[in-house]
Amino acid sequence: MDDFATITQKRMTGGLRLDDIAGMNIHIDPGPGALVRSYQFGLDPRKLDAVMVSHSHTDHYTDAEVLIEAMTRGMTRHRGAVIGSLSVMEGYRSWGPCISDYHKGRSECLTLAPDETLRLGGLEIRGTETVHGDPTGVGFQLKTEELTVSYTSDTEYFDGLPEEHMGADVLISSVIRPENEHIRGHMCTDDFIKLVEEVRPRVAVMTHLGMKMILDNPEGEAMRVQEATKTRVLAARDGMSLKFDDGDLVDVHVKL
């Protein structure tokens with residue numbers, strides 16, 4: 001199973017971070033290693049303004065509480081926001097909760113469901129639907145005046161998925177398997193081609209790659225998506241950063 005990508009750390013599993021989006025720094029899905037990798041790549045977790053968790057699987061939430069401690073200066077200040085699905089924030093059946101009441105005690109805490117929208121400063125955040133093991137899981141679409149970033153989180157492809165992410169300038173998707181190798185609750189490369197064709201983002205990023213994808217040349221799979229969709233497509237790498245200016249991708253850099 002593709003959980004071995006997390007267990008073996010063939011690729012780092014610290015999630016992703018958006019810096020200076022509507023003036024805020026946000027860490028999304030901080031899985032195992034998020035704290036250590038933040039420092040490794042020159043990112044200070046004490047400068048976070050929000051921690052967001054899409055669903056209650058360990059590869060998406062393991063380091064959430066320690067990042068909340070960093071954001072709140074060791075739980076000594078009322079600072080920042082914690083945003084997550086119902087399972088993450090409150091628990092749902094056998095899923096979660098993933099954030100303790102103690103760690104929710106020093107931040108604004110917001111539960112987000114699909115099609116719900118909230119505002120965080122100058123940022124609009126909408127929950128997007130997923131079809132995955134956690135039935136309350138969400139993706140996130142974050143919108144500013146200059147840029148819209150959509151993150152599918154873990155989901156299989158379904159008929160309504162493109163509509164959930166329409167308007168995205170940047171589409172970030174969990175793409176577990178190469179080619180047409182389907183696995184329940186996740187997308188493969190051929191699914192991602194369909195999604196990119198419908199959404200038509202400026203840039204698309206494949207992330208959360210499974211072991212088969214990692215061993216099967218993810219850059220080659222990204223190129224296949226790019227050629228099929230005529231869209232700039234990147235396969236995420238450890239330490240990869242993208243810089244945008246007025247909604248345009250101006251730099252791609254991989255920190256070692």
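What follows is a short chat that goes from the whole chain down to single residues.

Mentor: Before we start, this is a predicted model, so local features need pLDDT of at least 70 and side-chain atom pairs count only at pLDDT 80 or more, while totals for chains, interfaces and linings use all residues. Residues are numbered from 1 along each chain as its sequence is written, and side-chain values use heavy atoms, with hydrogens and water left out.

Trainee: How many helices and strands are there in the protein chain?
Mentor: Count DSSP runs, numbered from the N terminus: a helix is H or I over at least four residues, a strand is E over at least two. On that basis, the protein chain has nine helices and 15 strands.

Trainee: What radius of gyration does the protein chain have?
Mentor: The radius is taken over C-alpha atoms, and the globule rule is 2.2 Å times the number of residues to the power 0.38. For 256 residues, that rule puts a compact globule near 18 Å. The value for the protein chain agrees with this, at 17 Å.

Trainee: What share of the residues counts as buried?
Mentor: Buried means under 20% relative accessible area, exposed means over 50%, and partly exposed is in between (1.4 Å probe, protein chains only). Of the 256 residues in the protein chain, the buried share is 52%.

Trainee: Which residues have the most contacts inside the largest nonpolar core?
Mentor: In soluble globular proteins, nonpolar side chains tend to be buried together. A nonpolar core here is a set of buried Ala, Val, Leu, Ile, Met, Phe, Trp, Tyr and Cys residues joined through side-chain atoms within 4.5 Å. The largest one has 28 residues, and those with the most contacts inside it are Ile26, Ile28, Met52, Ile83, Ile125, Phe140 and Leu142.

Trainee: What does Ile83 touch, leaving aside its neighbours within four places in sequence?
Mentor: Contact means heavy atoms within 4.5 Å. By that rule, Ile83 is in contact with Val51, Met52, Val53, Met89, Leu110, Leu112, Leu118, Leu120 and Ile125.

Trainee: Which peptide bond is cis?
Mentor: Most residues other than glycine have a negative phi, and most peptide bonds are trans. Look in the loop between α5 (86-89) and β5 (108-111), where Pro97 sits. With omega near -5 degrees, the cis bond runs from Gly96 to Pro97.

Trainee: Is Ser153 buried or exposed?
Mentor: Ser153 sits in the loop between β9 (148-151) and α6 (161-164). Its phi is positive, near 55 degrees, although Ser153 is not a glycine. Its relative accessible area is 0%, so Ser153 is buried.

Trainee: And is Lys230 buried or exposed?
Mentor: Lys230 also has a positive phi, near 60 degrees. Its place is the loop between α9 (218-229) and β13 (232-235). Relative accessibility is 69% there, so Lys230 counts as exposed.

Trainee: Which residues of helix α7 are buried?
Mentor: An α-helix has 3.6 residues a turn, so residues three or four places apart point the same way. Within α7 (residues 189-199), the buried residues are Thr189, Asp191, Phe192, Ile193, Leu195, Val196 and Val199.

Trainee: Which residues does Leu242 touch, not counting those up to four places away in sequence?
Mentor: Leu242 belongs to strand β14 (residues 240-245). At 28% relative accessibility, Leu242 counts as partly exposed. Its contacts are Val205, Leu234, Leu249, Asp251 and Val252.
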